[in-house]
Amino acid sequence: MSSLALHKAEPAAGTNPGTAQGPPLRRRIALVPTLTLLLGAVYCLLPVAWVVIASTKSGKELFSTFTFLPGSGFSDNLSQLNAYRDGVYWEWMGNSALYAILGALLSTAVSAFSGYALAVYRFRGRETLFNVLLAGVLMPPVILAVPQYLLLAKADLTDSYLSVLLPQILAPYGVYLARIYAAAAVPADVVEAGRMDGASEWRIFTRIALPMMVPGLVTVFLFQFVAIWNNFLLPYIMLSDDEKFPITLGLFTLLEQGANTPALYTLVITGAFLAVLPLIALFLVIQRFWSLDLLSGAVKS
Amino acid sequence: MPYTKRRRLVTSAVAIALGATALAACGSSDDSGDAESGPVSLTYWTWTPGMDKVVDLWNKGQGKKEQITVTVKKQASGDTLVTKILTAHKAHQAPDLVQAEYQALPTLVSNDALADIAGHVGGIEGKFAKGVWQQTTLGTDAVYAIPQDIGPMMFYYRADLFKQYGLTVPTTWDEFAETARALKKKAPDKDLTTFSANDSGLFAGLAQQAGAQWWTTSGDKWKVAINDAATRKVATFWGGLVKEGAIDNQPMYTPAWNKALDTGKQIAWVSAVWAPGTLTTAAPDTAGKWAMAPLPQWSRSENRTGSWGGSSTAVTTDSKHQEAAAKFAAWLNTDAEALNALAKEGGIYPASTSAQLSGAFAQPPAYFSNQPDFYTKAAEIAETTAPSAWGPNVNVAYTTFKDAFGAAAKNKSDFTAALDKMQADTVADMKKQGFEVAE
């Protein structure tokens, strides 16, 4: 199926001058979307370019030289960041990695279980549950941070690694996505066939359904990873010990040092640049799982 | 489908009930412990850089003797920390000690987050200037915090460029306006300074110098006077300068502003004692060319300044060891060794008058090596700090200031209209919060 899709896409992508309509009209049609997309790309990439270039500037150059002129301070910035409070930056980086990897894995597991259950089993209250879930998708997590803090305070769990991990494990959007995906990718026939062959429900789920759901779950994992990596408010409210801070919080404390000390701009910029790298790497590595066509399933029609 | 509908109702009812019990449970535990014997450990939320090293001095010295150990948990500064403290306080989990800016104290006190430590720190007030101490008592007999650092306002200018253009340092605001105009005549592409609305503390300090008292109480009613005569005078003055184009209207702390300071496009800055730190990063190429003078006055007979910034150390009501915490707060902000370390590690300008000339302040800041008496002068100026009067929703007033004055400066429109909006929004918010406000 994927090759078919490619074939279909080809004529639209290339400008085919030999067709009846003639080149000028075709080109004009292609020009507007191309320009729009280019504009969008510039809009998205310009800040990234700024961070990359600014991270090479020394404190002196940062505000005085031309914005997109690379500076000479990158290695200095790196070693300063490295030395800042005995390398606390790397501790934050490690914390972020822990929260994001473990949190995203657990959350993907929960999403897979519940999404599959919601898609495959029929039980009383299924629609209600799903509707509550939908409401959860619409609710921005920011609103929940303070109530979650108060709840975890009752359990004496605040200011711990768990306090940041626990609330992120249940991701309504992940469950929602997993259900939609499972409903589309795991045909009822296949589940039924598994039951006929005497496989247990657990075996059907792990051996038959789960492999079919992989592309969808990869998406859930990525979404959750990025969401946790970038999360600010929840750890901000939960944590007070800066050795447990994720990178977002750590950089924020570097920026807000009070009026007496100048903000450590060069450190923050270099730190922000380094903090984006794992995300870029993750996308590049995981992208290949998406090349599996989203519609490929066990039953081909 | 009636079935699903009823189901939906039941689920939401359960959810609400669960939420309610959680909230009710949160309000249950209530205890305010006092001094007890045996080792005590305290946590301290602060944003001052290097505070851990200062606290080490305590933990190895006096704290060891008294068996009081303090742990620093470094935070980000400003209003966000106030929100965090209040959230933690709701769960009765606020740390023992917190750092708080002066203007945040009424907010914290009105939420019952700060303990009255008057009984534990008797006789300490003589170490601070009156105008500074009064901010920690909120005009009552209670003591809600110990002053840590202050930000008396001063006038900074490029000494070399003032000479080049034949300008004299203004001692009154009228002269300040004349200086701005004279510079415009001699060098139309330069500005004396800018009016920026992105840090409300600057305007609050200027109003304070003019004698404004934005929040006062009489009985159990608040009186809000943000648009009083004194503040109006300040707003009209700066609005006039912006309108006639005598000064710039671009915000500060932007890359463009840094560049303007560094290249001499702007040749003066109304700021506070901490300016050397900001100038070091903003205008690195002009070190040694700046000088500091007292803030211009509204009349020749006056000698007053406002404050911009500064913070205090407070003990929370959640602390189970309030006496021990108060002891540490007093040591931190009055002990010579502690203050010296604070100045060296954290770069603060101490509120304690005895520390303002000692140790770390014998030399001028590196950026002002050309002005050897920098800190002697600073201490004299600090003494003239006018009293300030903060209320429980400074954050609302500050936000409105940024919006209203930001727009007014950009459009060069009427500043007093912006001031009236600030007053109206602040009063409306206080009423909404349930404070009694006298009209």
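This is a predicted model: local features need pLDDT of at least 70, side-chain atom pairs count only at pLDDT 80 or more; totals for chains, interfaces and linings use all residues.
Which residues is Val54(B) in contact with, leaving aside its neighbours within four places in sequence? The legends below begin with this residue.

Figure 1. Residues are numbered from 1 along each chain as its sequence is written, while chains are lettered from A and ligands numbered from 1 in the order in which they are written. Leaving aside neighbours within four places in sequence, Val54(B) is in contact with Ala338(B), Ala341(B), Leu342(B) and Glu345(B); two residues are in contact if their C-beta atoms, placed from the backbone, lie within 7 Å. Helices (H or I, at least four residues) and strands (E, at least two) are DSSP runs, numbered from the N terminus. Val54(B) counts as buried because it has 25 C-beta neighbours inside 10 Å. A residue is buried if 20 or more other C-beta atoms lie within 10 Å of its own, exposed if 12 or fewer, and partly exposed in between, with C-beta atoms placed from the backbone. From C-alpha to C-alpha, Val54(B) and Asp191(B) are 42 Å apart in space, and 137 residues separate them in sequence.

**Figure 2. Strand β1 of chain B and its pairing with β2(B) and β3(B).** Strand β1 (residues 40–46) of chain B is mostly covered, with 6 of its 7 residues buried. Over 7 bridges, β1(B) pairs in the parallel sense with β2 (residues 68–74) of chain B; two strands pair if DSSP finds at least two bridges between them. Thr43(B) has Thr71(B) as its bridge partner in β2(B). Strand β3 (residues 97–101) of chain B also runs parallel to β1(B), joined by 2 bridges. Here the bridge partner of Tyr44(B) is Leu97(B).

**Figure 3. The open sheet β5-β6-β10 of chain B.** This sheet has 3 strands, and their pairing is mixed. β5 (215–218) and β10 (437–438) of chain B stand at the edges with a single partner strand each, so one side of each is left without a neighbour in the sheet. β5(B) and β6 (residues 221–224) of chain B are antiparallel and pair over 4 bridges, with Thr217(B) opposite Trp222(B) in β6(B). Helix α17 (residues 415–433) of chain B lies across β6 and β10 of chain B, at about 165 degrees to β6(B). Axes are lines fitted to C-alpha atoms, for helices over the stretch in contact, and angles run from 0 to 180 degrees between N-to-C directions.

**Figure 4. Helix α12 of chain B and the elements it packs against.** Of the 8 residues of this helix (residues 275–282), 6 are buried. The buried residues are Ala275(B), Pro276(B), Gly277(B), Thr278(B), Leu279(B) and Ala282(B). They pack against β4, α11 (255–263), β7 (268–272) and β8 (290–294) of chain B.

**Figure 5. The contact between domain 1 and domain 2 of chain B.** Domain 1 spans 40–151 + 308–375 and domain 2 spans 152–307 + 387–438, bounds that come from an automatic or database domain assignment. The C-alpha centres of the two domains lie 27 Å apart. Domain 1 gives 25 residues to the contact and domain 2 gives 28 residues. On the side of domain 1, α5 (105–110), α6 (130–137), β4 (146–158) and β9 (307–315) of chain B each give two or more residues, and the largest share, 4 residues, comes from α5(B). That side divides into 10 nonpolar, 14 polar and 1 charged. Ala, Val, Leu, Ile, Met, Phe, Trp, Tyr, Cys and Pro count as nonpolar, Asp, Glu, Lys and Arg as charged, and the others, Gly among them, as polar.

**Figure 6. The contact between chain A and chain B.** Here 31 residues of chain A meet 40 residues of chain B. The elements of chain A that give two or more residues are α3 (59–62), α6 (126–138), α7 (141–154), α12 (233–238) and α13 (247–255). α7(A) gives the most, with 6 residues. By class, the side of chain A has 13 nonpolar, 12 polar and 6 charged residues.
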